[in-house]
Amino acid sequence: MRTTLTLDDDVAARLDEEVRRSGQPFKVVVNEALRLGMDLRRPDRQGIQFTWRDLGFESGIQFESTSELLERLEGSGTE
């Protein structure tokens, strides 16, 4: 698809820098940049893996209470 696009000066400069750095044609650099930008806005959550670890908290801590959680993390200060 052919289209006319007006780029801000800073964006055009960054694209030109990437063209010089990579040696790829301008349209390839623009298409890759657009794909990356669109992918970042809609991350694929299926590929994300989390590693869970036990932080050693006792049951009964109300995590909604920031002050209680901070007190547990930092200690009571009377030690």
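1. Glutamate 18 is partly exposed, at a relative accessible area of 27%, whereas arginine 21 is exposed, at 62% (buried is under 20%, exposed over 50% and partly exposed in between, with a 1.4 Å probe and protein chains only). The model is a predicted one, in which local features need pLDDT of at least 70 and side-chain atom pairs count only at pLDDT 80 or more, while totals for chains, interfaces and linings use all residues. Residues are numbered from 1 along each chain as its sequence is written, and side-chain values use heavy atoms, with hydrogens and water left out.

2. The side chains of glutamate 18 and arginine 21 form a salt bridge, with an N to O distance of 2.5 Å (a side-chain nitrogen of Lys or Arg within 4 Å of a carboxyl oxygen of Asp or Glu). The count by this rule is 1 salt bridge. Both residues belong to helix H1, where they are 3 residues apart, about one turn of the helix (helices are DSSP runs of H or I with at least four residues, numbered from the N terminus).

3. The largest pocket has a volume of about 500 Å³ (a pocket is an open set of points on a 1 Å grid, where a 1.4 Å probe fits, with protein on both sides within 12 Å along at least five of seven lines, and lining residues have an atom within 4 Å of a point; the volume is the space filled by probe spheres set on the points). Of its 16 lining residues, Thr3, Leu5, Val30, Asn31 and Leu34 are the closest to the centre.

4. Helix H1 (9–22) and helix H2 (26–41) are the elements that give two or more residues to this lining, and H2 gives the most, with 8 residues.
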